[in-house]
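Please take me through this model in the viewer, one selection at a time, saying at each stop what to select and what is found there.

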4 protein chains.
Amino acid sequence: MSETKPTDAPLFSAPIEVRWRDLDAFNHVNNSNYLTYLEEARLKWLKHVPGEWFSETAMPVLAASQINYRRPIEWPARIAVELYCDRLGSSSATIGHRIVGADDSDTLYSDGHVVMVWMNPSTGKPVNLPEAIRHALGGE
Amino acid sequence: MSETKPTDAPLFSAPIEVRWRDLDAFNHVNNSNYLTYLEEARLKWLKHVPGEWFSETAMPVLAASQINYRRPIEWPARIAVELYCDRLGSSSATIGHRIVGADDSDTLYSDGHVVMVWMNPSTGKPVNLPEAIRHALGGE
Amino acid sequence: MSETKPTDAPLFSAPIEVRWRDLDAFNHVNNSNYLTYLEEARLKWLKHVPGEWFSETAMPVLAASQINYRRPIEWPARIAVELYCDRLGSSSATIGHRIVGADDSDTLYSDGHVVMVWMNPSTGKPVNLPEAIRHALGGE
Amino acid sequence: MSETKPTDAPLFSAPIEVRWRDLDAFNHVNNSNYLTYLEEARLKWLKHVPGEWFSETAMPVLAASQINYRRPIEWPARIAVELYCDRLGSSSATIGHRIVGADDSDTLYSDGHVVMVWMNPSTGKPVNLPEAIRHALGGE
């Protein structure tokens, strides 16, 4: 749970516009919205990957998420989601994240990771990562 | 990540009404809504605890969350959130969860846990768990 | 904008479970969630209608909404959405609503209506209401 | 319900970032999110108004909303909310809106209006609009 800053550059960084509606009755961004911010960044990254990141026989599914809430996010705020490759498997990848100030990546709001698995939707079985994803994540 | 069923009875079990709006464009409940279901169950449990679970000098804060997505939730669905005490600290508690079928607690949609810390909002420092919470979590 | 109570019985009445996350930073249910409550009630009503309420050539689309916010909704609260047929057209219907106390339908939180149009998705043109819908709305 | 374009310049125009999570199971932005987009634009406008737009004895409350859904919004999309003063009362204002393409204000996704009333929260009675709001809305 320590806040070590990664030494590598992020895979991708996406600015996110915090909405007033993301606040809950405690006047801070609700904990569930962090997953929405991660999802938005992840989808923008996937659109940005050259090549095909999904097909009829290989669709990404979210298998797990882990989030540390380091400091509250308020409205308005200028934040960004940085994505990292924490682990590259044969059919899955662990995507680390840091939610930071858009203008100050040392201000850490959240870190953690999600596990994504590529599955064949008709069989429900894991399949190999699409080549484009493996390359985008630093695999050979 | 194995799906071992806890042998203890849950602290609390809350039926949750899935809404059609919880679905995303993949026609499954979006991953962020799981945190909303957990929050709703947790708040109902806290209201149910006899005694005071917060005060001006001791407010609960969500420090971390970990969620495994075991099988997709559809609409309509009758589900329930079961809460467990996974670990009792001096100022924090780890609350495990299982999202299951409301009529069939062997159908496991999700498991995982959140870490809650009680803090003094004026100092930002952790404080001892309120007595009511300690008792409700099985502490002496 | 007067709060006249309808003399007819509602088409359908759906209890709705208010979630804590529906509150915004003003500690009241956010205005956008009223549309989610109406949607949930409408879909439950449509599932309940005997016969087919949509087909490949006739899908309902929301064309307009009008909502009066009469008094704030808090959490927890036991509310219900009552639906009425305000107007029956050839390809559209105006569905009135009242959001009331689940145990006290004289406590009015909101009223108003939405306009639904049945369209052919391939042509984008309005089509006749499905027979099942016309009957459910009191048409011959 | 005709789509006449206003001849006056908008009071305010706010770009909005559509999120993938705004889509529902029909793969279009859900109707409830339009109110969230309007709220976000309204709050940005209010922050932008020189002078005080609320006080302990004069708080704005949403009294009613009317929305026409002209064409579906998809993800990703670059949209903007334009706000207009449709009517200026003594304690209320009708704020018209147009949701348009961020780069093409002739592409109309939605129009309609909301009614805002300034109230004294302790008495629950309407009060005169704050001077700053009256001026911002073109009143003397």
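Predicted model: local features only at pLDDT ≥ 70, side-chain atom pairs only at ≥ 80, totals over all residues.

Two residues count as in contact if their C-beta atoms, placed from the backbone, lie within 7 Å.

**Chains A and B**

Select the contact between these two chains, to which chain A brings 13 residues and chain B brings 13 residues. On the side of chain A that touches chain B, the elements giving two or more residues are α1 (31–48) and β2 (59–69) of chain A, and β2(A) gives the most, with eight residues. Coloured by class, this side of chain A shows six nonpolar and seven polar residues, and no charged residues.

To follow the pairing at one position, pick N68(A), whose bridge partner in β2(B) is A64(B).

How is chain A laid on chain B? A turn of 180° with a shift of 0.0 Å along the axis does it, with an RMSD of 0.0 Å. To find the axis on screen, centre on Q66(A), the residue of chain A that comes closest to the rotation axis, with its C-alpha at 2.2 Å. Because 100% of the interface residues of chain A are also interface residues in chain B, the copies meet through the same surface.

**Chains B and D**

Turn next to the contact between chains B and D, which takes seven residues from chain B and seven residues from chain D. The chain B side of this contact divides into two nonpolar, three polar and two charged residues. Here too a rotation of 180°, with 0.0 Å of shift along its axis, superposes chain B on chain D at an RMSD of 0.0 Å, and the two copies are thus related as by a two-fold rotation axis. Since 100% of the interface residues of chain B are also interface residues in chain D, these copies likewise meet through the same surface.

**A glycine in chain B**

Staying in chain B, select G112(B), which lies in strand β5 (residues 104–120). Is G112(B) buried or exposed? With 23 other C-beta atoms within 10 Å, G112(B) is buried, the cut-off for this being 20 or more. Its contacts, leaving aside neighbours within four places in sequence, are Q66(B), I67(B), N68(B) and H97(B).

**The nonpolar cores**

Move on to the largest nonpolar core, which has 61 residues and in which V81(C) and V81(D) touch the most other members. Select V81(D) and, not counting residues up to four places away in sequence, show what it touches: A14(D), I16(D), Y37(D), L38(D), A41(D), H97(D) and I99(D). Another core, of 60 residues, lies apart from that one and includes I73(A), A93(A), M116(A) and W118(B).

**A helix in chain C**

Finish on helix α1 (residues 31–48) of chain C, whose 18 residues reach 27 Å from the first C-alpha to the last, close to the 26 Å expected at 1.5 Å a residue. Among the buried residues of α1(C) are N31(C), Y34(C), L38(C), E39(C), E40(C) and R42(C).

Notes. Residues numbered from 1 in each chain as written. Chains lettered and ligands numbered in written order. Nonpolar A, V, L, I, M, F, W, Y, C, P; charged D, E, K, R; others polar. Least-squares fit on C-alpha atoms with pLDDT ≥ 70 in both. Helix = DSSP H or I, 4+ residues; strand = E, 2+ residues; numbered from the N terminus. Buried ≥ 20, exposed ≤ 12 C-beta atoms within 10 Å, placed from the backbone. Core = buried A, V, L, I, M, F, W, Y, C linked by C-beta atoms within 7 Å. Pairing = 2+ DSSP bridges. Expected span 1.5 Å × (residues − 1).
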